[in-house]
Amino acid sequence: MRRKNFTLNELLIVIALLGLNLALLAALAPGVKTSAQLTSCTSHLAALGKAVEAYRADNAESFMIAISPGNPGPTWATRLGATTMGNYVKAENFNCPSMPVYLPERWQNASDLASQNNWMWTRPAYGYNDIWLGGVRRGANGIAGGIPYSMAALEEPSEMLVLADSAGPGREFGSYRVHPGYVKTEAVLWPRHDGAVNVLYADGHVKATASGLDQAGEESSQKLYVTGAELESSSTKEADSCKWRCGLD
């Protein structure tokens with residue numbers, strides 16, 4: 001049999017197809033990376049959910065207060081992660097791969113893990129619902145006087161936000177708390193996964209909620225607080241009915 005050689009046209013077609021495939025792979029690469037980061041972030045929040053559950057079991061089923069008296073005092077993150085306190089979860093679970101907050105080598109640093117005012121505890125990637133669960137709303141002296149809620153006080157744990165992707169006032173780092181209303185100068189939800197924010201609810205499930213915008217920022221953060229967003233209560237469908245925004249009583 002005679003061997004058939006490629007014609008010039010056929011070679012050009014093959015080269016064009018290879019170029020197209022490479023272009024498609026390059027276009028998909030950011031999406032693959034984002035998907036992996038979202039999966040990692042979800043895993044971290046799930047681990048934190050287990051830590052919160054363990055903390056409640058040791059504290060009469062009550063949630064943590066956001067921050068204790070001091071300058072600064074222990075935060076909820078310190079209570080869960082510091083080796084001198086609860087030590088319920090590994091330090092790396094306080095970090096989001098889409099917004100690194102502290103260096104990985106600190107996860108192995110004994111003095112950092114024992115410190116009560118280390119950066120990893122005061123600026124974690126996730127913010128705590130301190131107004132309701134942390135009891136700021138009930139405390140006479142603000143955060144330091146918070147009286148945390150118990151699990152029994154929650155009417156619908158599956159709708160009560162515990163932790164979520166957060167940003168501090170400067171929007172450069174995370175914050176140990178998120179506020180139940182959008183205020184630009186305060187800590188807020190930060191949808192940093194292509195416009196989605198990861199949320200841990202009181203029943204332990206984690207859900208990514210979209211802001212409707214493609215990128216993280218002020219506009220997409222604000223979008224999550226408006227009436228009708230996905231964080232709205234699924235049971236009542238009433239305006240401003242989201243439990244973590246309006247309170248429990």
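Guide: A helix here is a DSSP run of H or I that holds at least four residues, and helices are numbered from the N terminus. The model is predicted.

Start with D58. This residue lies in helix α1, which covers residues 8-58. Is D58 buried or exposed? The cut-off for exposed is over 50% relative accessible area. D58 has 53%, so it counts as exposed. Its side chain still has a partner: it makes a polar contact with the side chain of Y88, at 2.8 Å.

Now turn to the aromatic rings. The structure holds five aromatic pairs. One of them joins W76 and F94. W76 belongs to helix α2, residues 76-81. F94 sits in the loop between α2 and α3, and α3 covers 110-114. The partners are 18 residues apart in sequence, so the pair ties together separate parts of the chain.

Are these two residues buried or exposed? Buried means under 20% relative accessible area. W76 has 0%, so it is buried. F94 is also at 0%, and therefore counts as buried.

F94 has a further ring partner, W121. This pair is edge-to-face, with 5.3 Å between centres and 90° between planes. It links distant parts of the chain: F94 is in the loop between α2 and α3, while W121 is in helix α4, residues 119-122. The separation is 27 residues. Both F94 and W121 are buried.

One more site is worth a look, the largest pocket. It holds about 190 Å³ of space. How many residues line it? The lining has 14 residues. Nearest the pocket centre are R123, G168, P169, G174 and S175. What kinds of residue make up the lining? Four are nonpolar, five are polar and five are charged.

To recap the close look: D58 is exposed, and its side chain contacts that of Y88.

How values were computed:
Residues are numbered from 1 along each chain as its sequence is written. This is a predicted model: local features need pLDDT of at least 70, side-chain atom pairs count only at pLDDT 80 or more; totals for chains, interfaces and linings use all residues. Side-chain values use heavy atoms; hydrogens and water are left out. On a 1 Å grid over the protein atoms alone, a cavity is a set of points where a 1.4 Å probe fits but cannot get out, and a pocket is an open set with protein on both sides within 12 Å along at least five of seven lines; lining residues have an atom within 4 Å of a point. Grid points are joined across faces, edges and corners, and a volume is the space filled by probe spheres set on the points. Ala, Val, Leu, Ile, Met, Phe, Trp, Tyr, Cys and Pro count as nonpolar, Asp, Glu, Lys and Arg as charged, and the others, Gly among them, as polar. Helices (H or I, at least four residues) and strands (E, at least two) are DSSP runs, numbered from the N terminus. Buried means under 20% relative accessible area, exposed over 50%, partly exposed in between (1.4 Å probe, protein chains only). A polar contact is a pair of N or O atoms within 3.5 Å; within protein, one must be able to donate a hydrogen and the other to accept it, and residues adjacent in sequence count only if both atoms are side-chain atoms. Rings of Phe, Tyr and Trp (its six-membered ring) pair if their centres lie within 6.5 Å; planes under 30 degrees apart count as stacked, over 60 as edge-to-face and the rest as tilted.
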